[in-house]
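Here's a quick briefing to read alongside the model. Have the sequence and the 3D view open as you go.

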Amino acid sequence: MGDRLQFLLDPGEFLAAAGDRLAADPVVSTVVTTTAHRLRSQPPDADSWWVVVRDGDGAVVGAGMRTAPFRPRPPFLLPMPGDAAVELARALHERGEAVAAVNGALPAVELFAAETARLRGGSVRVARHTRLHELGDLVPPATAPGTLRVATEDDLDLAEAWFAAFMGDADEQAGRPRGANADEMPSRDDLLRRLRAGGLWFWVDEDAHPVHMTGDTPPSFGVARIGPVYTPPQQRGRGWASNAVFEVSQRILAQGARACLFTDQENPLSNKVYAALGYRPVVDMANLVIDG
């Protein structure tokens, strides 16, 4: 008996159905679980869905979501059996859903994208290869002058500018055209909500001027995720990022949570910085585009 797909509109119902599976591997599940916990306090979005993948015995063996607010609203898939990823692609095609991109865990996203492209007569290309890391033993970096402070609503303009710069610089450092992922930029309202929740931090120099920005998410199933991590070009090479990520990581650990973060596999510098702090690779993921 094959895998069975259960589509849900309510993130609370999704967490009730798949929570045990998600909690069993909360680092790999971090993007889906933090999104579900954040959105369950809001009215369900008719254009979004959550999917629970079950085997023939009814056990949950995978999950995913389509909640991205930016175009082309790529689904995000967690690990699932290969035949389930193919079945999901066919189900969305039969539902008449246009899918032009997909993000998430390998190899599920590759199988999903390949089947979607086959059904549409298109092709698949890689937009970004990412790697999820979890903190092991936290290693202090060389001390840099300054201190960490939480960003506030008064910092909205700077946070918005640095988010945009972070995304553009990440594209360039990975060899992509600047602005290739501009659609993923959070809205001003989203940034304001994040600031009000205390989810952005600045490293400020000895004159109290912000020189770096690091974000984190509230713990979900005991795991908090760091990101974005951005230092303006003129401030790089001074240890701001290492010290900020170290201190935010310390705060996460002090809550009794585990810390994780994503890196772009095409950016060796950031991978080296996080490895020196004690972050270790967990799983490779990808953002894929389906042309045609």
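What covers the buried residues of helix H4 includes strand S4 (76-77), helix H3 (82-94), strand S5 (101-105), strand S6 (123-135) and strand S12 (279-291). Covering here goes by contact, meaning heavy atoms within 4.5 Å, and buried means under 20% relative accessible area, with a 1.4 Å probe and protein chains only. Helices (H or I, at least four residues) and strands (E, at least two) are DSSP runs, numbered from the N terminus. This is a predicted model: local features need pLDDT of at least 70, side-chain atom pairs count only at pLDDT 80 or more, and totals for chains, interfaces and linings use all residues. Residues are numbered from 1 along each chain as its sequence is written, and side-chain values use heavy atoms, with hydrogens and water left out.

**Helix H4**
- The buried residues in H4 are Ala108, Val109, Phe112, Ala113, Glu115, Thr116 and Ala117.
- Just past H4 you'll find Gly121, with a positive phi of about 75 degrees.

**Strand S3**
- S3 (residues 60-66) has 7 of its 7 residues buried, so it is largely enclosed by the rest of the structure.
- S2 (residues 49-54) pairs with S3 in the antiparallel sense over 6 bridges; two strands pair if DSSP finds at least two bridges between them.
- In that pairing, Trp49 stands opposite Arg66.
- S2 and S3 form a hairpin with 5 residues between them, and Gly58 in the turn has a positive phi of about 90 degrees.
- S3 also pairs with S4, antiparallel over 2 bridges, where Met65 sits opposite Phe76.

**Thr214**
- Thr214 lies in strand S9 (residues 210-216) and counts as buried because its relative accessibility is 0%.

Definitions and conventions. Buried means under 20% relative accessible area, exposed over 50%, partly exposed in between (1.4 Å probe, protein chains only).
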